[in-house]
Structures are given as structure tokens and as C-alpha cells.
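Biologist: Could you walk me through this one? I'd like to start with the surface and then work my way inside.

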Amino acid sequence: MKHFMIKYQFANGTTEEWHREIERFIAALNSDPELKGKISYRCMKNRDDSSYYHLAAAADEQAIKTLQARDFFKHYTERPGRSPAAMSW
């Protein structure tokens with residue numbers, strides 16, 4: 001199992017848009033037949049500032065490769081304000 005922690009600083013748009021985008025990403029992960037149960041993704045807000053911590057876990061390298069090939073992952077990582085290096089797994 002590989003674990004990742006990604007820190008984001010909320011900067012653009014509304015928090016509602018940000019939360020919907022994260023919800024769409026997690027829903028896509030959970031509904032993908034090849035990834036279901038192989039990728040875990042959680043998001044938590046830091047109570048002291050506007051940063052968020054995204055915690056991800058992948059069962060194996062194949063799950064990561066499958067995720068990276070998905071259009072929903074590409075869309076999620078290409079959004080403004082996201083660090084491609086942080087999301088590259």
C-alpha cells in the first residue's frame with residue numbers, strides 16, 4: 001500500500017465549488033470498476049487556516065497507473081491552483 005499526503009492552500013473560487021470538485025473526484029474513484037476498493041482518497045480542512053490535506057492510499061502500482069490514465073484524474077489535476085507535482089503520484 002502506498003500513501004500520499006498532499007497539502008493545498010485554498011486560493012481561487014468559492015469553497016462550495018472546491019468541495020463539489022473534490023466530491024466529484026471521490027465519486028468517480030469510488031464508481032470506477034477497476035479502482036473501486038483500490039484507491040482511498042480523503043480530504044480534511046485545517047482548522048487554523050485555509051489549507052486542506054488530501055490523504056490518498058493506493059493498493060499497488062497498477063492502481064496508480066490505472067488512475068493516471070483516467071480522464072477524471074487528468075481533469076482534477078489540471079485545475080488551476082493544483083500542483084501537478086503534488087498530484088502526480
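Biologist: What does the accessible surface of the chain come to, and what share belongs to carbon and sulfur atoms?
Modeller: Keep in mind that this is a predicted model, where local features need pLDDT of at least 70 and side-chain atom pairs count only at pLDDT 80 or more, while totals for chains, interfaces and linings use all residues. Residues are numbered from 1 along each chain as its sequence is written, and side-chain values use heavy atoms, with hydrogens and water left out. Areas come from the Shrake-Rupley method with a 1.4 Å probe, and for residues only the protein chains shown count as cover. The chain's accessible surface is about 5600 Å², and the carbon and sulfur share is 51%.

Biologist: How much of the chain is buried?
Modeller: Buried means under 20% relative accessible area, exposed means over 50%, and partly exposed is in between (1.4 Å probe, protein chains only). The chain has 89 residues, and the buried part is 35%.

Biologist: In what order do the elements of the chain run?
Modeller: Helices (H or I, at least four residues) and strands (E, at least two) are DSSP runs, numbered from the N terminus. There are four helices and three strands here. Reading from the N terminus, the order is β-α-β-β-α-α-α.

Biologist: Which strands does β3 pair with?
Modeller: Two strands pair if DSSP finds at least two bridges between them. Strand β1 (residues 2-9) runs antiparallel to β3, with eight bridges, and K2 stands opposite A58.

Biologist: How many residues does the hairpin between β2 and β3 pass through?
Modeller: The hairpin that joins them goes through five residues.

Biologist: Is S51 buried or exposed?
Modeller: S51 sits in strand β3, where six of the eight residues are buried. Contact means heavy atoms within 4.5 Å, and S51 touches K7, Y8, Q9, M44, K45 and N46, leaving aside residues up to four places away in sequence. Since its relative accessible area is 0%, S51 counts as buried.

Biologist: Which side chain does the side chain of Y52 make a polar contact with?
Modeller: Y52 is also in β3, and it's buried because its relative accessibility is 3%. A polar contact is a pair of N or O atoms within 3.5 Å; within protein, one must be able to donate a hydrogen and the other to accept it, and residues adjacent in sequence count only if both atoms are side-chain atoms. At 2.9 Å, the partner of Y52 is H19.

Biologist: Where is D32, and which residue's backbone nitrogen lies 3.1 Å from a polar atom of its side chain?
Modeller: D32 is in the loop between α1 (15-31) and β2, and it counts as buried because its relative accessible area is 9%. Leaving out residues up to four places away in sequence, D32 touches R70 and F72. The backbone nitrogen 3.1 Å from its side chain belongs to L35.

Biologist: Why does L55 count as partly exposed?
Modeller: L55 is found in strand β3 (residues 51-58), a strand that is mostly covered. Still, L55 counts as partly exposed because its relative accessibility is 31%.
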